[in-house]
Amino acid sequence: MSSKGIHIEGLRKRYGSGDTAVDALKKVDMLVAPGEVVGLIGPSGSGKSSLLKCLGAVIEPTAGRMTIGDEVIYSNAWKVRDLRALRRDKIGFIFQAPYLIPFLDVTDNVALLPMLAGKPNADSRKQAVKLLQSLDVDHRAKAMPSQLSGGEQQRVAIARGLVNRPPVILADEPTAPLDSERALAVIRILNDMARKFETAIIVVTHDEKIIPTFKRIYHIRDGVTYEEAGEGRGFE
Amino acid sequence: MISLAGRDIMHAWGKFVFTGVGLGLLIGVTLSMAGIYRGMVDDGKALLDNSGADLWVVQKDTLGPYAEPSSIYDDGWRGIRSMPGVARTANVTYLTMQVRHGERDVRTMVTGVTAGGPGTPGWPPYLVAGRQITRSHYEAVADIASGFKLGDCLQIRRNSYTVVGLTRRMVSSGGDPIIFIPLKDAQEAQFLKDNDAIRQQRRRTASNPAFNRPQVPGLLDAVIASQSTNSYINAVLVQIEAGRDADEVAESIRRWKRLTVYTRSQMEEILIGKLIATSSKQIAMFLVILSIVSAAIVAFIIYTLTLGKIREIAVLKLIGTKNRTIVGLIMQQAIALGAIGFVVGKITATLLMAPIFPKYVLLEPLDSVRGFVAVLMICVLSSIIAIHAALKVDPAEAIGG
Ligand SMILES: Nc1ncnc2c1ncn2[C@@H]1O[C@H](COP(=O)(O)OP(=O)(O)O)[C@@H](O)[C@H]1O
Ligand SMILES: [Mg+2]
């Protein structure tokens with residue numbers, strides 16, 4: 001497998017110290033290639049959120065190594081100075097709830113990321129609208145988030161996660177609030193986008209409806225990951 | 001980059017305008033309070049300016065004639081006029097009283113001025129209508145704020161006066177309009193007894209064998225006449241010769257006349273430092289209280305608005321928004337709120353409060369500028385709590401448990 005995508009080796013995370021220390025992640029090994037969508041499944045308390053937070057560079061792991069593309073971002077310590085810029089440029093986030101910014105319209109919700117990265121407003125909006133087109137929500141480009149249906153909101157959230165063309169997307173239960181048809185639609189979109197933008201996508205989920213769609217699944221139990229071939233054939 | 005604060009304000013403009021207007025009313029009251037203070041100072045200065053005097057000669061060891069009662073003999077002016085450096089002198093009386101105008105009462109300061117020509121100290125320096133007092137009795141010049149018109153008849157004690165002239169901005173240090181009347185009338189009004197008292201005094205005088213002497217005809221009448229005239233005034237207004245030093249002239253009058261003399265700057269100090277000192281302290285207290293209330297309102301609103309956005313702030317941080325941008329978002333909203341409040345406040349103070357307020361409200365542009373700076377500073381300071389809360393938000397919260 002190529003060195004692109006995201007590569008995690010021996011990642012550990014311990015909360016606290018001494019008697020009260022909790023080892024949330026004991027040994028996490030994952031490799032997700034560009035264009036690939038993998039599932040991350042585990043019972044409650046197994047360490048899924050801790051892993052997402054480490055990957056999302058909002059908490060610091062205790063040990064191990066993480067590489068995005070060719071860049072080592074963590075090797076027993078952060079190897080990048082500006083974690084904020086790392087999150088903005090290298091990692092897309094999609095949450096269980098869309099968490100759109102209520103005072104920005106659909107276009108600007110998506111265009112905000114390139115703007116934050118310093119891109120001119122017009123270019124950022126053009127890029128956002130193009131992405132909204134490929135997600136079939138461009139007809140709501142001028143709407144406010146509160147005027148959208150749940151499915152539309154989630155597609156806008158996906159567009160926001162994708163807009164800076166990050167090599168990695170972390171999706172935290174992205175289909176939880178959706179019915180089965182819409183949930184499958186979202187997964188289809190994620191697969192399409194992964195292929196189109198060469199993105200490595202990790203989908204944390206409990207959702208029985210979508211588990212069968214993954215070609216590859218990581219199980220996590222007590223902070224340890226196990227790889228398993230999924231039954232899904234994806235959406236080729 | 002777009003203005004996040006601007007977008008948020010547009011999205012929740014109702015909330016902003018509503019609180020902005022509320023804050024604005026408070027700011028309006030604050031600006032008006034400052035205006036009232038300025039008005040009081042200005043009233044005091046107008047009183048001194050309009051008196052046309054360089055020196056005020058008053059009863060020894062009093063703060064008269066405005067801040068304390070002062071009474072001196074009305075023939076002292078001759079001696080003062082002969083002092084070196086003195087150009088003109090004039091007797092004057094001041095009496096704050098209700099003056100009847102038809103059905104209603106007007107609170108005024110009745111000023112008795114000596115006969116003379118325009119420019120005599122104590123005379124109204126200019127008129128807006130009519131003429132100056134020319135007869136020595138029963139004519140009056142009134143400040144228009146009193147509500148009198150030319151030809152009106154006004155009643156002071158038992159006498160009625162015809163308004164022959166109108167003037168403007170002639171007010172007492174308390175802001176009451178001044179009514180000028182001839183000095184003799186004013187002296188009478190100040191010390192006039194009622195009929196019963198006069199009768200009683202006559203009877204008592206007549207029954208006193210020292211005064212009622214058949215072998216000295218006319219003595220009783222002379223005594224009674226002297227009892228019913230009042231030869232006191234409140235102050236002598238002095239104009240000094242051009243080029244003379246006011247302090248020097250004042251000092252020589254003090255030395256030779258056993259009277260207290262105040263210069264213009266000493267008088268100003270008495271009016272502003274003593275007479276309106278309590279009022280200005282009250283106003284200062286109100287200004288402090290209103291500033292604290294405004295700050296509390298801004299802090300509360302901005303804090304509430306920020307708490308309502310905690311999740312969005314976590315998301316913004318997670319997707320790589322700089323702290324600076326988030327601080328800017330909150331601070332700009334606080335400043336916007338302050339700006340709305342200031343505009344509403346300025347309009348309220350100028351169009352609503354100043355015209356209807358019973359006291360002279362002087363809105364100085366510099367006070368507005370100071371007020372604006374103070375409002376912005378209060379808003380920025382008040383947003384600190386909200387900023388602190390926003391900066392504490394952990395981007396990990398967006399990911400959840
Ligand atoms: N901030 C924290 N401090 C201490 N322990 C934590 C913290 N966050 C999570 N944990 C613990 O780490 C373990 C893994 O939690 P988490 O990563 O939330 O798992 P999941 O998302 O799969 O439910 C749990 O035992 C949890 O109690
Ligand atoms: Mg969890």
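**View 1. Six residue pairs are in polar contact across the interface of chain A and chain B, both residues at pLDDT 80 or more.** A polar contact is a pair of N or O atoms within 3.5 Å; within protein, one must be able to donate a hydrogen and the other to accept it, and residues adjacent in sequence count only if both atoms are side-chain atoms. This is a predicted model: local features need pLDDT of at least 70, side-chain atom pairs count only at pLDDT 80 or more, and totals for chains, interfaces and linings use all residues. Residues are numbered from 1 along each chain as its sequence is written, chains are lettered from A and ligands numbered from 1 in the order written, and side-chain values use heavy atoms, leaving out hydrogens and water.

**View 2. One salt bridge links chain A and chain B.** R7(B) pairs with D108(A) in this salt bridge. Their closest N and O atoms are 2.8 Å apart. (Salt bridge: a side-chain nitrogen of Lys or Arg within 4 Å of a carboxyl oxygen of Asp or Glu.)

**View 3. Helices α1, α2 (83-90), α3 (106-116) and α4 (121-134) of chain A each supply at least two residues to the side that touches chain B.** α3(A) gives the most, with five residues. By class, this side of chain A has 16 nonpolar, two polar and eight charged residues.

**View 4. Chain A and chain B bury about 2,500 Å² between them.** Carbon and sulfur atoms carry 67% of that area. (Buried area: the accessible area, 1.4 Å probe, that two parts lose on being put together, summed over both.) In chain A, R84(A), Y99(A) and F103(A) lose the most area to chain B. Together they make up 28% of what that side buries. In all, 26 residues of chain A are in contact (heavy atoms within 4.5 Å) with 24 residues of chain B.

**View 5. Ligand 1 is surrounded by 12 residues.** The closest are G45(A), G47(A), K48(A), S49(A) and S50(A). (Surrounding residues have a heavy atom within 4 Å of the ligand.) The site is shared between chains, because residues from chains A and B surround ligand 1. In chain A, β2 (22-32) and α1 (48-55) each supply at least two residues of the shell. α1(A) provides the largest share, three residues. The shell has four nonpolar, seven polar and one charged residues.

**View 6. Oxygen atoms of ligand 1 approach backbone atoms of G45(A) and K48(A), and the side chain of S50(A).** For G45(A), the distance to a polar backbone atom is 2.6 Å. For K48(A), the distance to a polar backbone atom is 2.9 Å. An N or O atom in the side chain of S50(A) is 2.5 Å from a ligand oxygen. The protein covers 61% of the 550 Å² of accessible area that ligand 1 has on its own.

Terms used:
Accessible areas come from the Shrake-Rupley method with a 1.4 Å probe; for residues, only the protein chains shown count as cover. Helices (H or I, at least four residues) and strands (E, at least two) are DSSP runs, numbered from the N terminus. Ala, Val, Leu, Ile, Met, Phe, Trp, Tyr, Cys and Pro count as nonpolar, Asp, Glu, Lys and Arg as charged, and the others, Gly among them, as polar.
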